[in-house]
Amino acid sequence: MNDKFEGPLELEDNNLTDLAVLAISEVLRKPKHSNITKLDLSEIPAFTHKAGEYIGQALLDNEGNSKLEKLEFKGVSLGDRGLLRIIDAANKTPTLEKLNVGVLTDNGLMLLSQRLTGNNYLSELEFSETSDHQQYWTGEAMRMFCDLLKSSTILKKVKAKFQDCNKKSDAAEDFEDEIDFYTDQKKTQIKKERGFEERMRSCDQESMFQ
């Protein structure tokens with residue numbers, strides 16, 4: 001990967017290790033050479049919490065200089081430590097609008113709900129439920145996430161994937177309905193704000209020619 005590279009880096013479904021992510025993180029850390037706009041590290045079974053820690057810390061170290069717009073860990077369990085570092089990085093990376101934080105336990109969903117409060121950059125978020133039946137999402141965790149959506153982010157698209165045995169449950173359907181309700185509200189609000197801004201610009205242009 002040379003200093004002239006710019007664009008998406010799609011490495012999903014590869015036999016990569018945490019050490020490979022460490023090398024990628026060094027590129028993300030360089031202020032003048034952080035030109036990766038999309039980083040896809042999905043479906044890589046060998047990853048541990050370190051993968052999230054390496055990428056998250058690199059973005060934090062390079063705060064304000066990253067051009068990363070989309071980051072994906074679909075199918076990857078980053079553990080609590082890796083998840084928290086990625087969320088903290090998302091809170092400090094203005095260009096990052098789309099994020100898949102991978103596989104979440106019940107505690108992971110709670111941590112996401114707590115730590116993402118006040119994020120002003122992400123517009124799209126994806127995550128999936130763990131296969132560990134002892135760590136399936138509880139009503140408390142889902143309520144916490146809905147509270148987050150209600151007033152603490154600008155998220156306008158959220159995709160939460162349940163395990164097959166849970167996705168038809170009343171709790172899952174209620175959770176998805178609430179997510180749709182609050183994200184639709186955000187979309188409507190954004191449209192109104194954009195419409196207002198366009199009208200104001202139009203008024204300014206008209207006044208210039210009078």
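Figure 1. The accessible surface of the protein chain amounts to about 11,700 Å². Carbon and sulfur atoms hold 46% of that surface. The model shown is predicted. The protein chain has 210 residues, and 41% of them count as buried.

**Figure 2. Helices and strands along the protein chain.** The secondary structure consists of 6 helices and 6 strands. Read from the N terminus, the order of the elements is β-α-β-α-β-α-β-α-β-α-β-α. Among the contacts in the protein chain with a separation of 6 or more, 83% are between residues 24 or more positions apart.

**Figure 3. Helix H3 beside helix H4.** Helix H3 covers residues 79–90 and helix H4 covers residues 106–115. Their axes come within 10 Å and cross at roughly 20°. Angles under 35 degrees count as roughly parallel, and H3 and H4 are therefore described as roughly parallel to each other. The crossing of H3 past H4 is right-handed. On the H3 side, the contact is made by Asp80, Leu83, Leu84, Ile87 and Asp88. On the H4 side, the residues are Asn107, Gly108, Leu111, Leu112 and Arg115. Sorted by class, the contact of H3 with H4 has 5 nonpolar, 2 polar and 3 charged residues.

**Figure 4. Asn166 in the loop between strand E6 and helix H6.** Strand E6 spans residues 157–161 and helix H6 spans residues 170–208, with Asn166 in the loop between them. Is Asn166 buried or exposed? The relative accessibility of Asn166 is 16%. Buried means under 20%, so Asn166 counts as buried. Which residues does Asn166 touch, not counting those up to four places away in sequence? They are Glu129, Tyr136 and Ala172.

**Figure 5. Gln134 in the loop between strand E5 and helix H5.** Strand E5 is made of residues 124–129 and helix H5 of residues 139–151; Gln134 lies in the loop between them. The relative accessibility of Gln134 is 64%. A residue is exposed over 50%, so Gln134 counts as exposed. Gln134 and Thr105 are 29 residues apart in sequence. In space, the two are 8.9 Å apart, C-alpha to C-alpha.

How values were computed: Residues numbered from 1 in each chain as written. Predicted model: local features only at pLDDT ≥ 70, side-chain atom pairs only at ≥ 80, totals over all residues. Heavy atoms only, no water. Helix = DSSP H or I, 4+ residues; strand = E, 2+ residues; numbered from the N terminus. Buried < 20%, exposed > 50% of the residue type's maximum accessible area, 1.4 Å probe, protein only. Contact = heavy atoms within 4.5 Å. Axes fitted to C-alpha atoms, helices over the stretch in contact; angles between N-to-C directions. Parallel < 35°, antiparallel > 145°, perpendicular 65-115°, else oblique. Left-handed = near helix turned anticlockwise from the far one by under 90°. Nonpolar A, V, L, I, M, F, W, Y, C, P; charged D, E, K, R; others polar. Areas by Shrake-Rupley, 256 points an atom, 1.4 Å probe, with all protein chains shown as cover.
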